[in-house]
Amino acid sequence: MNLTAVEVLGIWLAVGFTLAIFSFLYRDNPIYRVAEQVYVGVSAGYGLVVTIFDFLLPLFWEPLKNAFLTAIGSPEATSPGSFVVIIPFILGVFIVLRVFRNLTWLSRYSYAVLVGTAAGIVIPQVTDSILIPQVGNTINPLYPWSLNPEYANQGTFWQFIYSPGMDALVTLVGVFSVLMFFFFSVEHRGVVGGIARVGVYVLMITFGASFGYTVMARVSLLIGRMTYLLNPEKGGMVGAAVWQKPTIVLLVLFIVAMILFALSEKKRRPPAEAPAG
Amino acid sequence: MERWEKLVSAYLNLDRRIIYLLVALAVLIPLIWPLNLPVKAREEVKAIFDTIEELPPGSTILIANDYDPSSEPELYPMTVALLKHSFLKKHKVIIITLWLTGPGLVVKALEQVKEELKPLGVEPKEGVDYAFLGFKPGGFAVILQMGGNIYGLETDYAGNRLEDLPIFENVRSLRDIDYQVVLAAGNTIDTWIIYGSERYSYLIGGGVTGVIAPNIYPYYKARQLNGILGGLRGASEYERLLNAKYQVGVGRASKGMDAQTMVHLLIVFGVILANLAFFVQRSIERGRD
């Protein structure tokens, strides 16, 4: 596989920064801190560049420029453009002016427009698209209780377990008991206490499922980086030249650096005082 | 008894770095020597696969690639598998991202898919078979714009005007979309459902990271999503369904599933051992009292 010098450099940097971040698992160290700060800086820089070229220029500057060119009758106009973009631009500038204490009040107009517009769009749409369908799906009939035909080949028991009625029953018990747990106008004793306790178990099962998925997600990220380290570019690790094996080279270098760092830290540390007496 | 006490105490006070090392080994070993453990496709994954499979050739599929490199291991294999499947079925694909750092991953996925499909004689053309709209800022405002008039987005990632691209000849709004899959690492999946599929009445499926997968199951139960690809496992299941049908090989999600299983086993084993150690230590302390 033929790679350009820039691509090779990119691979070495990617491997190096991955190993640098992983080095924190052993202990905090200067290599990790450099990688962390470079990451934050590059992310912010990338975000700024994309914002300028994908946001400000095409959505503000181009329409404004074209509107001006059209107004003066210039043939250079590529579209009719629009002067309306000045309004959101000014509202945006008002928000930035918050940095000056005596001009902070201007941002209130921007926020008023933002909140008012968002509320006007969001409230009816969310009610229509989420609230009503989700409430509707929670309220399902328990009767008549039919078996699930999709599980016919797995026996009556599984047809019963996966039946719509069982689904509705579990939903009913879960929703009612959790709501009861968060209903504080009645003391959680007796029957109410029992139902609230069931609600706690339902919540625990929910959190457990979420946690399980989160563990899977985090392990997936580790697998992603490990896969990259094992094979930073196609065919890189097996039978390749040294410059194509950044993982091995950099890992060795990092281990040496960590040992040197530990030794220098040991030297800098003041000697322990002799025990009294 | 003293030996037991020492052993239990050593386990309960295990240096966290040893655990990191064990996890690293549990990931590395299956990646180097794959176990090829079976992964069965679930109903919610099959639903997305079947929808793309059953749509007539030439249907328009919208893929929202709303994630950044930090979610790449889970969601990128989904992008690749969905693109491959859509191109193999001769569907038209429109890709968009509402995430600032998303475009690079789409470009990479398109290049990879085109390269892998070339030997099979499938060569999708930009502007005709697919279009990448790039990053469009504005969240729900972008979706509402697409619902009203897709040309309002003006240009694709390469700067071509949308009305000049053949793929948009019959696609003027979200109502003309036959199916959408949202690949999301955040709450844009809710946004697409609320302002997209529910408002403009079209079919939608979701591929998400493991962290948010449990949160979107209520949409699936309420049939507001017709299928779900949840995390690395969902991606792996889709890759396997695709490979079973078209023999295109499995991607890196499937290769990572052995490691995933090994780490899960390690965690479960560690939790059981820690609990056992805890009870043993407690019984020793009680016996001493």
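1. A residue is called buried if 20 or more other C-beta atoms lie within 10 Å of its own, exposed if 12 or fewer do, and partly exposed in between, with C-beta atoms placed from the backbone. By that count Glu154(B) is partly exposed, because 19 other C-beta atoms lie within 10 Å. Glu154(B) belongs to the loop between α6 (140-148) and β4 (179-184) of chain B. Although Glu154(B) is not a glycine, its phi is positive, about 70°. Helices (H or I, at least four residues) and strands (E, at least two) are DSSP runs, numbered from the N terminus.

2. The model is a predicted one, in which local features need pLDDT of at least 70 and side-chain atom pairs count only at pLDDT 80 or more, while totals for chains, interfaces and linings use all residues. Residues are numbered from 1 along each chain as its sequence is written, and chains are lettered from A and ligands numbered from 1 in the order in which they are written.

3. Chain A has eight helices and zero strands. Its radius of gyration (taken over C-alpha atoms) is 31 Å, well over the 19 Å that the globule rule gives for 277 residues, so chain A is more spread out than a compact globule. The globule rule is 2.2 Å times the number of residues to the power 0.38. Along the principal axes, the C-alpha atoms of chain A fill a box of roughly 85 × 70 × 60 Å. Of the 277 residues in chain A, 8% count as buried.

4. Contacts are counted between residues whose C-beta atoms, placed from the backbone, lie within 7 Å. Among contacts in chain A between residues at least 6 apart in sequence, 34% join residues at least 24 apart.

5. Chain B is divided into domain 1 (2-33 + 257-288) and domain 2 (43-250), with bounds that come from an automatic or database domain assignment. The C-alpha centres of domain 1 and domain 2 of chain B are 41 Å apart.

6. Where the two chains meet, 39 residues of chain B are in contact with 32 residues of chain A. On the chain B side, the elements that give two or more residues include α2 (16-32), α4 (72-88), β3 (130-135) and α10 (252-288). That side of chain B divides into 22 nonpolar, nine polar and eight charged residues. Here Ala, Val, Leu, Ile, Met, Phe, Trp, Tyr, Cys and Pro count as nonpolar, Asp, Glu, Lys and Arg as charged, and the others, Gly among them, as polar.

7. Val211(B) is in contact with chain A: leaving aside neighbours within four places in sequence, Val211(B) contacts Tyr213(A), Thr214(A) and Ala217(A). Val211(B) sits in the loop between β5 (204-208) and α8 of chain B. Val211(B) is buried, because 21 other C-beta atoms lie within 10 Å. Gly231(B) is 20 residues away along the chain, and the C-alpha atoms of Val211(B) and Gly231(B) are separated by 7.9 Å.

8. A nonpolar core is a set of buried Ala, Val, Leu, Ile, Met, Phe, Trp, Tyr and Cys residues joined through C-beta atoms within 7 Å. The largest such core has 89 residues, and those with the most contacts inside it are Ile63(B), Ile95(B) and Leu183(B). Its largest share, nine residues, comes from α4(B). Both domain 1 (2-33 + 257-288) and domain 2 (43-250) of chain B give residues to this core, so it lies between them. Not counting residues up to four places away in sequence, Ile63(B) touches Thr79(B), Leu82(B), Val93(B), Ile95(B), Val181(B) and Leu183(B).

9. Strand β1 (residues 60-66) of chain B is mostly covered, with seven of its seven residues buried. Thr60(B), Leu62(B), Ala64(B) and Asp66(B) point one way from β1(B), and Ile61(B), Ile63(B) and Asn65(B) the other way. In β4(B), six of its six residues are buried. Tyr179(B), Val181(B) and Leu183(B) point one way from β4(B), whereas Gln180(B), Val182(B) and Ala184(B) point the other way.

10. Strands are taken to pair if DSSP finds at least two bridges between them. β1(B) runs parallel to strand β2 (residues 92-97) of chain B, joined by five bridges, and Lys92(B) in β2(B) is the bridge partner of Thr60(B). β1(B) and β4(B) also run parallel, joined by six bridges; Asp66(B) has Ala184(B) as its bridge partner in β4(B). β4(B) and β5(B) pair in the parallel sense over five bridges, and Gln180(B) stands opposite Ile204(B) in β5(B).

11. Lys90(B), in the loop between α4 and β2 of chain B, has a phi near 60°, a positive value in a residue other than glycine. Lys90(B) is partly exposed, because 14 other C-beta atoms lie within 10 Å.
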